[in-house]
Amino acid sequence: MLNLIFVFAIIISFVFYFYFKTKQFRSSLPIAKNWYKSKANIGFGSFLLFFGFNQAYLFPSLYTFIIVAILVVLGILVLIDNTKKARHYGQFVEEEFRINR
């Protein structure tokens, strides 16, 4: 059951990543591009996090836990960094949309 939850979270985070990456490529406004990029990277960070937890659940061995530790730390760092970036760019996106209409 826990494996299904991890797989569902992995799929949702990948869809989240793909959606915002597509929005990034389609946007012509620079601040909006950066905002979409940071939101896509939040999806990527959560993908790394959930993938690492899933692997630790499926294959409990020492080597797996070493790799999972790297993936989880990297995922958390990506999540924290891009959450800060998304908040920062989010302040200016509405103004940029309003100016460039």
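Q: Why is P60 called exposed?

A: The model is a predicted one, in which local features need pLDDT of at least 70, side-chain atom pairs count only at pLDDT 80 or more, and totals for chains, interfaces and linings use all residues. Residues are numbered from 1 along each chain as its sequence is written, and side-chain values use heavy atoms, with hydrogens and water left out. Buried means under 20% relative accessible area, exposed means over 50%, and partly exposed is what lies in between, with a 1.4 Å probe and protein chains only. P60 has 59% relative accessibility, which is over the 50% limit and therefore counts as exposed. P60 is placed in the loop between α2 and α3, and its C-alpha lies 46 Å from that of S28, a residue 32 places away in sequence.

Q: What radius of gyration does the chain have, against that of a compact globule of 101 residues?

A: The radius of gyration is taken over C-alpha atoms, and the globule rule is 2.2 Å times the number of residues to the power 0.38. For 101 residues a compact globule would come near 13 Å, but the chain has 16 Å. The C-alpha trace spans about 55 × 20 × 20 Å along its principal axes. Buried residues make up 35% of the 101 residues.

Q: What makes the pair of F16 and F20 edge-to-face?

A: Rings of Phe, Tyr and Trp (its six-membered ring) pair if their centres lie within 6.5 Å, and planes under 30 degrees apart count as stacked, over 60 as edge-to-face and the rest as tilted. This rule gives a count of 7 aromatic pairs. In one of these, the ring centres of F16 and F20 are 4.8 Å apart and the planes stand at 75°, so the pair is edge-to-face. Both residues lie in helix α1, 4 residues apart, about one turn of the helix. F16 is partly exposed at a relative accessible area of 31%, whereas F20 is buried at 11%.

Q: Why is the pair of W35 and Y36 called tilted?

A: The ring centres of W35 and Y36 are 5.4 Å apart and their planes meet at 40°, so the pair is tilted. Y36 is buried, with a relative accessible area of 9%. Ring pairs link W35 and Y36 with F16, Y19 and F20 into a cluster.

Q: How do you know that K85 forms a salt bridge with D81?

A: Side chains of opposite charge can pair when their charged atoms come close. The criterion for a salt bridge is a side-chain nitrogen of Lys or Arg within 4 Å of a carboxyl oxygen of Asp or Glu. The closest N and O atoms of K85 and D81 are 3.4 Å apart, and this distance therefore meets the criterion. The count for the structure comes to 1 salt bridge. K85 and D81 both belong to helix α3, 4 residues apart, about one turn of the helix. Their relative accessible areas are 37% for K85 and 38% for D81, so K85 is partly exposed and D81 is partly exposed as well.

Q: What makes S46 buried, and which residues is S46 in contact with beyond its neighbours within four places in sequence?

A: S46, in helix α2, has a relative accessible area of 14% and is therefore buried. Contact means heavy atoms within 4.5 Å, and, leaving aside neighbours within four places in sequence, S46 is in contact with S13 and L79.

Q: Why is F59 called partly exposed?

A: F59, in the loop between α2 and α3 (62-99), has 48% relative accessibility and so counts as partly exposed. F59 also belongs to a nonpolar surface patch of about 750 Å², together with M1, L2, L4, I5, Y57 and L58. Of the helices, α1 (2-26) and α2 (30-58) each supply at least two residues of this patch, and α1 gives the most, with 3 residues. Patches are made of residues with over 30% relative accessible area and no salt bridge, like charges being joined within 9 Å and nonpolar side chains (Val, Leu, Ile, Met, Phe, Trp, Tyr) within 5 Å.

Terms used. Accessible areas come from the Shrake-Rupley method with a 1.4 Å probe; for residues, only the protein chains shown count as cover.
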